[in-house]
Amino acid sequence: MNGSDDDPFTRALRGDLPGPDDEARVRSRLVSAGVLAGAVAAPVGTAAAAGGVTAKVVALPLAVKLGASLVVVGLVTVPVVSHLTSPSGSSAPTLTATLTAKPPALAKAAPAPVTAPERAALVEPTPRAEPVVEVAAVAHETTPPALREAAKAPLPQPTKPLPSVASFEEVAAPKPLDEGSLRAETALMERALSALKRDDVATARAALLEHARLFPNGHLVRERERALERTLGKETESHAH
Amino acid sequence: MAAGTLEQPFAPPDAGAARRASSRVEAVYAEYFRYVWRCLRALGVHPHLLDDAAHDVFVVVQQKLGAFDDGVPVTTWLYAITLRVARRARANARRDAWRYARTDDEHGASPADEAQARGNVEQELECEEQLELARRALDRLDEDKREAFVLSQVEQRSAPEIADITGVPLNTVYSRIRAAKLAFQSEVSRLNLVNRGKTHER
């Protein structure tokens, strides 16, 4: 082998010419760049084919695009406007009929056809169902049978009559202020608190218990409980020491 | 035409001249695209950059056509542009080497697969193997020898024409061609031996 014309390797390099696809690809690029004039060669591959369709749509005259968009807008808006402006009973069939009659191009592009009952359900207003019925149906499906039987049984009647509204008011109403008992309560509490101040736990505890015995629901119940807590705390401290 | 004239600034022609220039570019493209492509490929432009490089060549043709000297063969002029575009593409590929890392199947399907697809024709398989081996041998040459070999042996340009294209003195061209032939021969022989060794190992 000597690199001459008879060399098979050099001949192989010489025969390494581009295919028609290569030439068409570069030509289309040069046409796009304005270097070459004339039509672009046939595109290669599906992506290029999709690009070709897009290019055709883009290349349509403006008047044609406007006309097509007006037709589409008219198809959509006219029935809707008539439905909104006229009484519902008379316009509902018109709207349904218009939506049913699709243009052929849209009918081809639709991925899955909508059945007639579904379309009617989408278009026509339906009366709202009673929520109680739906909840009852759901409860029937999810509740165990034993509970379902228990629910069917009649409710037990109360043995004692329920308190009336008036008795509730009586319980909740504040007591009328009794100055004599308040004064006695205050005297007991002052004695207990002064004993606590002196760390006389026994006297304080006796006074508080006396108050609890005489006035279990008195005016100073909260003060008595706080004083009792302090008394117990002091007792615990003294036992610890 | 010397290579230095390619660097002259481009002056936009008038409308009539633009139409004439466009038709001339069209004619140049129709007649020489295949050789431009082959030359770019043989000069070592990465397959991923071939479209860009070929595109660039004809963009330059369009820009420089107004200043083209009719006394010079168009092939000389065209190969001068192709050579410079190929140099730039190789430089770009070297700069972005991480992106264009060389692999065994960088030229697309392997020769064996392509031949299989064509009906397992033994002769085609042999041709593809020879082409692959020749490309590898070219890859082993340095740039000067590669350009001299491609222009003289693949594109079959004469030494004076190569001197015009590359802007190198004629004697240098002769010596480069001689050295390139020897280097290519030795690389092909070496790669052949390596391939035979691999075949025996299997």
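**Exercises on the contact between chain A and chain B**

**Exercise 1.** Determine how many salt bridges join chain A and chain B, and examine one of them.

*Solution.* The count between the two chains is 5 salt bridges, a salt bridge being a side-chain nitrogen of Lys or Arg within 4 Å of a carboxyl oxygen of Asp or Glu. One pair is Asp52(B) with Arg29(A), whose closest N and O atoms are 2.7 Å apart.

The model is predicted: local features need pLDDT of at least 70, side-chain atom pairs count only at pLDDT 80 or more, and totals for chains, interfaces and linings use all residues. Residues are numbered from 1 along each chain as its sequence is written, chains are lettered from A and ligands numbered from 1 in the order in which they are written, and side-chain values use heavy atoms, with hydrogens and water left out.

**Exercise 2.** Describe the side of chain A that touches chain B.

*Solution.* Step 1: helices H1 (8-14) and H2 (20-32) of chain A each give two or more residues to this side; helices are DSSP runs (H or I, at least four residues) and strands likewise (E, at least two), numbered from the N terminus. Step 2: H2(A) supplies the largest share, 7 residues. Step 3: by residue class, this side of chain A divides into 13 nonpolar, 5 polar and 9 charged.

**Exercise 3.** State the extent of the contact in residues.

*Solution.* Chain A contributes 27 residues and chain B 33 residues, where contact means heavy atoms within 4.5 Å.

**Exercise 4.** Characterise the secondary structure of chain B.

*Solution.* Chain B has 8 helices and 0 strands, and along the sequence the pattern reads α-α-α-α-α-α-α-α.

Terms used: Ala, Val, Leu, Ile, Met, Phe, Trp, Tyr, Cys and Pro count as nonpolar, Asp, Glu, Lys and Arg as charged, and the others, Gly among them, as polar.
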